Amino acid sequence: MHSGLHGRGALFDTDPPGLVARLVGLCPFQHGPTPLEYAKEPPFVVFTGGPGLGKSAVLGELRAAYQGHTPLALIDCEDELFARPPARRPGEAWSPVSQAVLTIAEQLAEPVAGAGRIAFPRLTAGLLAVAASGWGDRDLPRIRQEAERILLLNDTGSWVAGFTGRWVGRVSTRLVDALSGTGLVVEPIIEATLEVFSEGVTPTHRRLRKAATWYRDCPSAGGNPKLGLILLSGHFRAGGDSRTHAERYLVRALLADLDDAYTGAVQRTHRPGRPVVLVDNVQATAGVGLIGSVLRDRADGIADRVAFFAGLRGDGHPSLHNAARRALPEVARATGWEPGGTVSSHALLVPLPPPTTASPQAVEAGR
């Protein structure tokens with residue numbers, strides 16, 4: 001380990017592999033492949049404990065161990081970024097969870113060793129539908145900025161110089177043009193989005209067409225992707241349980257796009273191991289919504305490829321009531337974890353003991 005956080009070998013050991021290597025499939029810092037303890041669904045690991053026990057330091061160590069070698073994202077749910085909507089953006093078109101999903105996708109998209117950028121077309125369509133419910137004020141500079149940030153989630157680093165920038169500019173112009181008239185703009189924005197997604201023959205357009213059809217499977221959409229996106233936007237705007245349902249679809253869209261990047265023999269060859277998502281202060285609103293969406297989908301049999309690690313202040317949370325609990329030494333070689341019949345049983349809580357700041361050699365020398 002590079003940070004001097006000794007006493008965490010159960011997590012970061014490489015020979016034999018500790019918990020982190022067994023869940024990610026890559027040795028930390030060394031990046032050699034290692035067998036997965038769970039080939040299908042790994043536990044959503046939550047490090048627990050009070051202040052000063054090193055939860056944030058462990059997540060920082062995880063980022064240092066894998067950044068640039070496998071898709072990785074780290075968010076702190078208590079960051080100001082997730083506390084309130086950006087300036088001039090209406091609250092009905094924003095939530096801490098939607099901001100978290102966007103922020104995570106932007107980080108996961110970054111290219112890593114041996115593999116290019118990941119595109120998120122399903123998430124793009126969903127986030128545009130949600131954002132459109134806040135575009136009724138015709139604040140065109142803000143609208144264009146929001147649209148272009150979302151559309152850049154489809155940037156795969158095309159070899160054609162400037163292609164992505166030109167495409168994003170054209171699409172955002174089409175969306176702004178759809179704002180003419182009065183009243184709600186969600187439906188015309190979604191229509192314009194689907195039209196743009198259906199045009200062209202490039203790999204980008206093929207991904208976008210596939211993404212658009214994904215929303216036809218939304219409940220009550222009746223096989224109609226436009227209706228699916230309209231319902232998603234309406235549920236998000238309604239707040240309460242309806243918004244929670246819509247946020248769950250946004251999380252699912254992110255994970256489905258990520259799954260595409262690992263589908264096929266070529267992709268698997270270039271992307272060893274699992275992508276990693278690190279969520280600090282998961283007890284905050286963004287974290288509760290994110291972990292709730294992931295665990296519920298896993299409990300419903302909707303698989304994903306992500307190794308999730310989170311930090312939780314305290315010993316537990318009501319949404320994790322049935323999660324398994326293992327002391328840190330117990331996960332050093334195997335977790336002994338299996339999910340049960342409840343949503344929260346798909347998580348694994350690992351209380352962190354106080355870290356030691358001296359190496360084992362230093363401790364021995366000081367005796």
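1. Let me start with arginine 89, which counts as buried because its relative accessibility is 16%, below the 20% cut-off for that label. Do keep in mind that this is a predicted model. Arginine 89 sits in the loop that runs between β2 (72–76) and α4 (96–108). Setting aside neighbours within four places in sequence, arginine 89 is in contact with Trp94, Ala131, Arg142 and Glu146.

2. Two of those names lead on to helix α6, where Arg142 and Glu146 are buried along with Ile143, Ala147, Ile150 and Leu151.

3. α6 spans residues 140–151, 12 residues in total, and its first and last C-alpha atoms are 16 Å apart, close to the 16 Å expected at 1.5 Å a residue.

4. Strand β1 (residues 44–49) is worth a look next, as 6 of its 6 residues are buried. In a regular strand the side chains alternate between the two faces of the sheet. Here both faces are covered: Phe44, Val46 and Thr48 are buried on one side, and Val45, Phe47 and Gly49 are buried on the other.

5. Which strands pair with β1? One is β6 (residues 347–351), joined to β1 in the parallel sense over 5 bridges, with valine 46 opposite leucine 349. Another is β4 (residues 307–313), also parallel to β1 over 5 bridges; in β4, leucine 312 is the bridge partner of threonine 48.

6. Now to the packing. The largest nonpolar core holds 82 residues, and those with the most contacts inside it are Phe44, Val46, Phe120, Leu123, Trp135, Leu254 and Leu320. Helix α11 (residues 240–260) gives the most to this core, contributing 9 residues. A second, separate core has 29 residues, among them Val24, Phe47, Val276 and Leu328.

7. Not counting residues up to four places away in sequence, leucine 320 touches Val46, Ile291, Leu295, Leu312, Ser344, Ala347 and Leu349. Of these, Val46 and Leu349 are the pair that stand opposite each other in β1 and β6, while Leu312 is the β4 partner of threonine 48.

Notes. Residues are numbered from 1 along each chain as its sequence is written. This is a predicted model: local features need pLDDT of at least 70, side-chain atom pairs count only at pLDDT 80 or more; totals for chains, interfaces and linings use all residues. Side-chain values use heavy atoms; hydrogens and water are left out. Helices (H or I, at least four residues) and strands (E, at least two) are DSSP runs, numbered from the N terminus. The expected span of a helix is 1.5 Å times one less than its number of residues. Buried means under 20% relative accessible area, exposed over 50%, partly exposed in between (1.4 Å probe, protein chains only). A nonpolar core is a set of buried Ala, Val, Leu, Ile, Met, Phe, Trp, Tyr and Cys residues joined through side-chain atoms within 4.5 Å. Contact means heavy atoms within 4.5 Å. Two strands pair if DSSP finds at least two bridges between them.
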